[in-house]
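User: I would like to go through a structure with you. Could you take my questions as they come?

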Amino acid sequence: MVKGKDFTEIFKAYVPGAKLRRVQKGYLTNCPFHSDKSPSFMIYRDGWRCFAGCGHGDAVDFLVKLNNQRPIEAAKEIAGMYGFADVNDFTPKQRKLLAEKQREEELLKAFRKWERETFVRLVGFRDTIQKTLDTYGLDAPEPVLEIVRDYWPQLNHCIETLATGTDEEKLALFKWRLL
Ligand SMILES: [Zn+2]
């Protein structure tokens with residue numbers, strides 16, 4: 001949470017016209033993340049929670065979910081709302097969370113880049129091998145024959161996984177750096 005700032009203010013700014021009902025620990029209102037007939041969204045001084053399952057978090061998480069922003073952008077926007085110079089005006093705990101989120105995003109970006117590049121590289125590699133094989137048959141250089149003999153199913157499996165596999169299956173390849 002931003003130092004000394006009440007999440008209620010941020011919520012009101014982003015969901016204008018929302019009806020807030022005072023309850024013991026904060027305010028109840030309709031959840032902006034799902035079609036909410038009876039208020040199931042709790043606003044606390046330092047964050048929010050949807051009791052219908054949309055999640056919970058602080059102001060940064062709220063903007064990330066509401067506007068599909070990157071955490072760092074959301075943090076800057078909130079800081080900007082209050083005329084803060086930059087994210088250094090956040091509490092140490094907030095900064096730590098931001099850094100963690102940033103790392104997660106960077107890892108995901110690296111994974112996506114690896115996924116794209118490896119797919120292109122492997123398909124190119126397979127094409128080259130296939131062409132050599134088509135041209136020279138069993139007279140192809142030994143390394144080519146060896147790849148076909150020993151690694152062909154694995155190569156095809158990797159390409160197939162990168163093309164149509166789930167993120168989990170791809171992540172397994174990524175983690176083990178099999179490629
Ligand atoms: Zn909800």
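Analyst: The answers below concern the fold, the helix packing, the core and some loop residues.

User: What kind of model is it?

Analyst: It is a predicted model.

User: How many helices and strands are there in the protein chain?

Analyst: The protein chain has 6 helices and 5 strands. Read from the N terminus, the order of its elements is α-β-β-β-β-β-α-α-α-α-α.

User: And how many residues of the protein chain count as buried, as a percentage?

Analyst: The chain has 179 residues, and 14% of them count as buried. As for contacts between residues at least 6 apart in sequence, 37% of these join residues at least 24 apart.

User: Which residues have the most contacts inside the largest nonpolar core?

Analyst: They are F7, I43, W48, A59, V60, L63 and I78, in a core of 15 residues. Two or more residues of this core come from each of helix 1, strand 3 (41-44), helix 2 and helix 3.

User: Which element gives the most to this core?

Analyst: Helix 2 does, with 4 residues. As general background, nonpolar side chains in soluble globular proteins tend to be buried together.

User: At what angle do helix 2 and helix 3 pack?

Analyst: Helix 2 (residues 59-67) and helix 3 (residues 71-81) pack at about 115 degrees, and their axes are 8 Å apart. The two helices make a right-handed crossing. Helix 2 contributes A59, V60, L63 and V64 to the contact, while helix 3 contributes P71, A74, A75, E77 and I78. By class, this contact of helix 2 with helix 3 comprises 8 nonpolar residues, no polar ones and 1 charged residue.

User: Which residues of helix 3 are buried?

Analyst: A74, A75 and I78 are the buried residues of helix 3. Viewed down the axis of helix 3, they fall within an arc of 100 degrees, so they line one face of the helix.

User: What covers the buried residues of helix 3?

Analyst: The cover includes helix 1 (7-14), helix 2 and helix 4.

User: Turning to the other helix pair, how far apart are the axes of helix 4 and helix 5?

Analyst: The axes of helix 4 (residues 92-136) and helix 5 (residues 142-164) are 10 Å apart, and the packing angle is about 145 degrees. The crossing of helix 4 and helix 5 is left-handed.

User: Which residues make the contact?

Analyst: On helix 4 they are E115, T118, F119, L122, V123, R126, I129, T132 and L133. On helix 5 they are V144, I147, V148, L155, C158, I159, L162 and A163. By class, the contact of helix 4 with helix 5 has 13 nonpolar residues, 2 polar and 2 charged.

User: New topic: where is N68 found?

Analyst: N68 is in the loop between helix 2 and helix 3. Its phi is near 55 degrees, a positive value in a residue other than glycine. For context, most residues other than glycine have a negative phi.

User: Is N68 exposed or buried?

Analyst: N68 counts as exposed, because it has 8 C-beta neighbours inside 10 Å, and the cut-off for exposed is 12 or fewer.

User: And where does D46 lie?

Analyst: D46 lies in the loop between strand 3 and strand 4 (47-50). D46 counts as partly exposed because it has 13 C-beta neighbours inside 10 Å. The C-alpha atoms of D46 and G57 are separated by 8.6 Å, with the two residues 11 apart along the chain.

Conventions:
Residues are numbered from 1 along each chain as its sequence is written. This is a predicted model: local features need pLDDT of at least 70, side-chain atom pairs count only at pLDDT 80 or more; totals for chains, interfaces and linings use all residues. Axes are lines fitted to C-alpha atoms, for helices over the stretch in contact, and angles run from 0 to 180 degrees between N-to-C directions. A crossing is left-handed if the near helix is turned anticlockwise from the far one by less than a right angle, and right-handed if clockwise. Two residues are in contact if their C-beta atoms, placed from the backbone, lie within 7 Å. Ala, Val, Leu, Ile, Met, Phe, Trp, Tyr, Cys and Pro count as nonpolar, Asp, Glu, Lys and Arg as charged, and the others, Gly among them, as polar. A residue is buried if 20 or more other C-beta atoms lie within 10 Å of its own, exposed if 12 or fewer, and partly exposed in between; C-beta atoms are placed from the backbone. The arc is that of the directions from the helix axis to the C-beta atoms. A nonpolar core is a set of buried Ala, Val, Leu, Ile, Met, Phe, Trp, Tyr and Cys residues joined through C-beta atoms within 7 Å.
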